Amino acid sequence: MATSYGPLSIWAVIVAGGLATFAIRLSFIHLFGRVDEVPPWLERALVYVPAAVLAALVAPDFAPASATVEAALTPELLGGAAAVAAAWRTEDVLWTVAAGMIGLHVARFLL
Amino acid sequence: MDSRVPPDLRDGIRDALPLLLGIVPFALVAGVAGVEAGLSPLQTVGLSVVVFAGASQLAAIDLLGRDAALGVVVLTVVVVNLRMLMYSASIAPYFRELSARVRAGCAYVLTDQAYALALARYAGDRDRGSTTRRPYYYLGVGLTLWVVWQAGTVVGVVFGAAVPDSWRLGFAVPLVFLALLVPAVSDAPSLGAAVVAAAVAVLGAGLPFNAGLIVGAVVGVATGIALENAGVVDGDGDGGGGGGNADPAEGH
């Protein structure tokens with residue numbers, strides 16, 4: 001899954017993403033006094049951003065290539081299931097990644 | 001400038017130390033995943049220095065590795081980091097008397113963890129008169145996390161380049177997303193947001209420019225708001241109407 005973008009494109013993403021992120025961080029710290037608070041509608045929407053974005057990010061990584069049971073039962077899916085179980089119990093990044101990696105390699109060995 | 005370390009700065013550094021258990025593996029993954037996705041070591045470390053926001057960095061690495069459109073990569077970074085608007089607004093009153101340059105520095109090191117720790121301390125601070133010492137605690141947390149994040153990325157870059165591909169270390173990226181996703185799904189509306197976003201993202205996987213991701217996120221957020229409006233709450237007796245309003249993005 002190595003990128004085929006050249007250095008210029010990648011640096012452009014890094015700089016643009018960095019500037020945008022800095023602008024978000026600075027926004028109210030800089031503006032305070034002119035704007036008192038986040039508009040309520042935005043605040044409500046932001047509550048659901050982490051769940052929605054993270055789910056949209058991971059889902060394609062685990063989605064089966066076709067709708068048969070055989071195709072669905074991939075080592076990635078089993079590793080992901082182990083990770084979800086670990087995340088549920090521990091809410092810890094380290095344990096979640098460890099469980100997922102172990103699950104992946106055990107499943108690759110068994111399947 | 002006083003040569004002694006201000007006590008608040010020391011407190012901030014000390015309070016940041018337990019967080020490193022969660023930060024270090026995250027930073028290692030950011031370094032490993034960058035080189036696995038075909039970024040150069042310098043680009044991978046540059047991403048950590050310039051963006052300095054873990055989940056958005058992994059999202060960018062993931063999308064670059066899939067050759068998503070560059071605009072979608074940047075837009076995804078923005079969406080993932082939008083939550084920091086809330087942090088910025090919430091912490092801004094404590095920084096209002098600082099110079100513009102110091103405020104810019106404070107903004108640069110704003111993270112989930114620095115925000116959460118500093119707000120807890122400042123909100124408990126009865127003495128609202130003395131604002132001048134205030135950024136030291138925040139900067140103690142923020143700079144500690146910054147240094148460890150950069151060091152962890154460098155170690156990950158070196159380590160990631162040295163291990164064989166068959167170890168599949170790149171798989172750690174979606175695993176980190178799962179580690180962040182599960183605690184973010186704390187009630188029925190956020191579960192609905194996640195499920196709908198995931199379904200739309202999968203169905204839209206064939207759309208050009210990886211647009212399924214953005215469409216999925218937007219529809220997911222709309223679903224969460226709609227469920228909240230419809231009064232859907234989880235059944236385990238949380239009568240407080242959003243009383244368990246724990247910050248979903250906060251890492252422990």
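Helices and strands on this tour are DSSP runs, with at least four residues of H or I for a helix and at least two of E for a strand, and they are numbered from the N terminus. The model is a predicted one, in which local features need pLDDT of at least 70 and side-chain atom pairs count only at pLDDT 80 or more, while totals for chains, interfaces and linings use all residues. Residues are numbered from 1 along each chain as its sequence is written, and chains are lettered from A, with ligands numbered from 1, in the order in which they are written.

**Stop 1: a loop of chain B**

Select R168(B), which sits in the loop between α9 (134-162) and α10 (172-184) of chain B. Although R168(B) is not a glycine, its phi is positive, at about 55 degrees.

**Stop 2**

Now select chain B, which has 12 helices and 0 strands. Of its 252 residues, 51% are buried. Among the contacts in chain B with a separation of 6 or more, 77% are accounted for by residues 24 or more positions apart, where two residues are in contact if their C-beta atoms, placed from the backbone, lie within 7 Å.

Next, pick A211(B), which belongs to helix α12 (residues 211-229) of chain B. A211(B) counts as partly exposed because it has 18 C-beta neighbours inside 10 Å. If its neighbours within four places in sequence are left aside, A211(B) is in contact with V72(B) and G204(B).

**Stop 3: the whole of chain A**

Turn to chain A, which has 6 helices and 0 strands. Its radius of gyration is 20 Å, well over the 13 Å that the globule rule gives for 111 residues, so chain A is more spread out than a compact globule; the radius is taken over C-alpha atoms, and the rule is 2.2 Å times the number of residues to the power 0.38. The C-alpha atoms of chain A fill a box of roughly 60 × 40 × 30 Å along the principal axes, and buried residues make up 38% of the chain.

In the loop between α5 and α6 of chain A, find E91(A), a residue other than glycine whose phi is positive, near 50 degrees.

**Stop 4: where the chains meet**

Show both chains together: 64 residues of chain A are in contact with 83 residues of chain B. On the side of chain A that touches chain B, α1(A) gives the most, with 20 residues. By class, that side of chain A has 43 nonpolar, 13 polar and 8 charged residues, where Ala, Val, Leu, Ile, Met, Phe, Trp, Tyr, Cys and Pro count as nonpolar, Asp, Glu, Lys and Arg as charged, and the others, Gly among them, as polar.

Finally, select helix α1 (residues 7-31) of chain A and helix α7 (residues 100-108) of chain B, whose axes come within 8 Å and cross at roughly 135 degrees. Which residues of α1(A) meet α7(B)? They are F22(A), R25(A), L26(A), I29(A) and H30(A), and they meet R103(B), A104(B), C106(B), A107(B) and Y108(B).

Note on methods. Buried ≥ 20, exposed ≤ 12 C-beta atoms within 10 Å, placed from the backbone. Axes fitted to C-alpha atoms, helices over the stretch in contact; angles between N-to-C directions.
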